[in-house]
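The sequence and structure are shown first.

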Amino acid sequence: MTDATRRHDPGRRGFASDNCASVHPEVLAAIALANEGHQDSYGDDVYTTNLQEIFRRHFGQGARAFPVFNGTGANVVSLQSMTDRWDAVICAASSHLNTDECAAAEKVAGIKLLTLDAPDGKITVESLGVHAWGWANQHRAAPRVVSITQSTELGTCYTPDEVARICERAHSYGMKVHVDGARLANAAATLGTGFEAITTAVGVDVVSFGGTKNGLLFGEVIVVLNPDAVRGLLHLRKAAMQLASKMRFVSVQFEALLGGDLWLRNASHANAMARRLEERVRGLPGVEVSRPVQANAVFARLPAELTRRLQGRFHFYTWDVPTGEVRWMTAFDTTEADVDTFAAAIAEEVRAA
Ligand SMILES: Cc1ncc(COP(=O)(O)O)c(C=O)c1O
């Protein structure tokens, strides 16, 4: 047996995505703790059993937790379990579901997506009426679910009241509400609430709860809050290739994250680093912070040449080529020094320009 070789520079930091971050040491330690002896497979292990109580504590006594591998899988399986073959899901045009999941909802789940313009990433209750009609019309996919993202792809958060109003309106149409909560922890940290207050208590039916972006190695959990909103979830999870055989290693990570306050420490820190970056760059000539910073993302518009030079030094994505908008994301392991170094580099390039 040979030792593995470290093939990357551990000092390299970027602002491309919270997916580029490392794994929190407490999560790695939890995996190591679970890594002894045999446990039953496919969720019949003690960690997955224990996870049910942890999720009930965070989401209310009716919550049921179904671990999966990734966020796209969580969305596909959630939405498939909430719909019939002829149904449609309403979502923001900018949602990850619509733009960044290779049409998995359409291809794997066979769901028609009906998109709404949502300039700040948030669907408004008023806009639901654009698609929420014609359920009995055989020529039309029937809108059955509203899917919102919390925090949104544009770094904004729905207030509990906004979620409540969407749920109320959707339910009044006989529709259900799904939350893509890949970054629900970042939203809860910003809003100063727990998870129950922004989901169960305001009428959400099902959540794709994120772990990967908040310090896990991998893993997400489908949280069913309303048992009447889903059908066949266990079979659908397997058929969608999202059933982990060694599930204990997914579940124990969530125990590390949610058993204490690690979820909040990680998310609050990532959010604080985004606010710090915003403060450092706001007011620099040619740099316009383009959206409210309410989670762990900073969006800014820069001249293309400035972006090109900065991207030669740090990894981050151009979000919108025509407008020159870029996205800078922070994570639990972004340090104050990382932010200050990056902000100083931006200021340097601005001066050079
Ligand atoms: C809001 C949102 N939902 C879902 C996902 C999908 O996660 P995964 O890449 O694990 O499939 C992402 C990933 O970036 C995301 O940002």
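The text below treats the cysteines, then an aspartate, then a glycine.

The model is a predicted one. It holds zero disulfides. A disulfide would need the two sulfur atoms within 2.5 Å.

| Residue | Relative accessible area | Class |
|---|---|---|
| Cys20 | 52% | exposed |
| Cys167 | 1% | buried |
| Asp18 | 2% | buried |
| Gly60 | 8% | buried |

Asp18 sits in the segment before helix H1 (25-34). Its relative accessible area of 2% places Asp18 in the buried class. The side chain of Asp18 makes a polar contact of 2.7 Å with the side chain of Arg183. Beyond its neighbours within four places in sequence, Asp18 contacts Arg183, Lys213, Asn296, Met329, Thr330 and Ala331.

Gly60 belongs to the loop that links helix H2 (46-59) to strand E1 (64-68). Which residues does Gly60 touch, not counting those up to four places away in sequence? They are Phe55 and Glu196. The C-alpha atom of Gly60 is also 9.5 Å from that of Ala197, a residue 137 positions apart along the chain. Gly60 is buried at 8% relative accessible area.

Terms used
Residues numbered from 1 in each chain as written. Predicted model: local features only at pLDDT ≥ 70, side-chain atom pairs only at ≥ 80, totals over all residues. Heavy atoms only, no water. Buried < 20%, exposed > 50% of the residue type's maximum accessible area, 1.4 Å probe, protein only. Helix = DSSP H or I, 4+ residues; strand = E, 2+ residues; numbered from the N terminus. Polar contact = N/O pair within 3.5 Å; in protein donor to acceptor, adjacent residues only side chain to side chain. Contact = heavy atoms within 4.5 Å.
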